[in-house]
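Please read them with the model open.

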Amino acid sequence: MSENKIIKAIKDKGKTLEAEMSFFDHLEALRWHLVRASVAIVIFTAVVFYYYDWIFDTIIMGPSKSTFWTYRMLCKIGAALHRDGFCIDKVNIKLINTEMAGQFTLQINSALIIGITLGVPYLIWEIWRFIKPALHDAERKAATGFVFYACVLFFLGITFGYFVITPMSINFLSSYTVSAAIQNLFDIDSYISSVATLTLATGVVFQLPIIVYILANLGVMTPKFMKETRRYAIVVILVIAAVVTPTPDMLTMTVVSIPLFVLYEVSIVVAGLVEKRKIKKELDFEKGE
């Protein structure tokens with residue numbers, strides 16, 4: 001009896017050690033995936049740092065100039081519609097630096113932010129490579145194109161955020177005053193933070209279909225729920241559009257809100273496709289029995 005207990009204890013200990021080894025093996029694999037992603041981000045950051053003068057003047061400072069693409073397009077739209085108030089001839093923004101090493105740290109931090117942004121696709125791919133072996137064949141098939149769609153949506157969001165949300169927000173916030181006695185002087189760190197936050201946040205928001213896809217597969221999100229809450233989503237979208245548009249004109253609000261409406265409707269379609277696939281799988285299972 002005691003020998004059986006000893007043998008059982010040895011077997012249990014062996015299983016525990018095997019599980020622990022497997023856990024640490026997974027941690028080691030994840031570490032190398034993250035190391036490779038970090039190396040890619042460092043390379044992108046170094047490239048940005050090398051070409052920083054052009055990137056700073058053209059890309060980072062772009063939304064602060066009246067010659068920016070978005071402002072020129074708004075002016076053309078206003079001219080085509082024969083309406084005033086669309087042209088933005090001057091962006092009322094004055095930037096200052098208040099720290100001794102401020103401009104040096106500015107270059108490093110902004111280069112790192114852009115490097116991380118450019119490295120996001122590779123990071124997503126490395127995470128997918130780590131997760132993929134743990135999935136069943138059906139799950140792998142269902143997740144086909146995950147990296148591609150996630151990256152496309154991310155950069156669509158980045159583009160929309162940079163060319164639409166960011167310039168409209170900067171123009172509005174830089175011109176907003178409580179009193180004429182208060183002069184707007186913005187710290188360069190505040191400007192960089194605003195541009196990065198608005199641009200990257202929009203890129204994350206555009207991941208909504210991917211998030212809905214995952215939640216729908218987990219049974220948390222359904223197309224019925226999203227349709228029932230559509231009216232609330234519309235109100236939130238209109239509020240966001242009203243805040244970031246430079247004028248109270250409905251056309252500019254529409255330009256901002258339409259992509260967000262489309263994104264929400266696409267998410268409903270995605271949730272519906274997931275639900276149909278689940279129903280089909282259940283029917284096939286019942287027929288098999």
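How many salt bridges does the structure hold? The model is a predicted one, and the structure holds three salt bridges.

1. One of the salt bridges joins Glu126 and Arg36, with 3.2 Å between the closest N and O atoms. Glu126 belongs to helix 4 and Arg36 to helix 1, and the pair links distant parts of the chain, 90 residues apart.

2. Helix 2 packs with helix 4, which covers residues 102-131. The angle is about 75° and the axes lie 12 Å apart. Angles of 65 to 115 degrees count as roughly perpendicular, so helix 2 and helix 4 are roughly perpendicular to each other.

3. On the helix 2 side of this contact are Tyr52, Ile55, Phe56 and Ile60. They meet Leu106, Gln107, Ser110, Ala111 and Ile114 of helix 4. Seven of the residues in the contact of helix 2 with helix 4 are nonpolar, two are polar and none is charged.

4. There is a nonpolar patch on the surface, formed by Trp32, Val35, Val39, Ile43, Val47, Tyr50 and Tyr51. Together these residues have about 730 Å² of accessible area.

5. Where is Tyr51 found? Tyr51 sits in the loop between helix 1, residues 2-50, and helix 2, residues 52-60. Tyr51 is also one of the residues of the nonpolar surface patch.

Methods
Residues are numbered from 1 along each chain as its sequence is written. This is a predicted model: local features need pLDDT of at least 70, side-chain atom pairs count only at pLDDT 80 or more; totals for chains, interfaces and linings use all residues. Side-chain values use heavy atoms; hydrogens and water are left out. Patches are made of residues with over 30% relative accessible area and no salt bridge: like charges are joined within 9 Å, nonpolar side chains (Val, Leu, Ile, Met, Phe, Trp, Tyr) within 5 Å. Accessible areas come from the Shrake-Rupley method with a 1.4 Å probe; for residues, only the protein chains shown count as cover. A salt bridge is a side-chain nitrogen of Lys or Arg within 4 Å of a carboxyl oxygen of Asp or Glu. Helices (H or I, at least four residues) and strands (E, at least two) are DSSP runs, numbered from the N terminus. Axes are lines fitted to C-alpha atoms, for helices over the stretch in contact, and angles run from 0 to 180 degrees between N-to-C directions. Angles under 35 degrees count as roughly parallel, over 145 as roughly antiparallel, 65 to 115 as roughly perpendicular and the rest as oblique. Contact means heavy atoms within 4.5 Å. Ala, Val, Leu, Ile, Met, Phe, Trp, Tyr, Cys and Pro count as nonpolar, Asp, Glu, Lys and Arg as charged, and the others, Gly among them, as polar.
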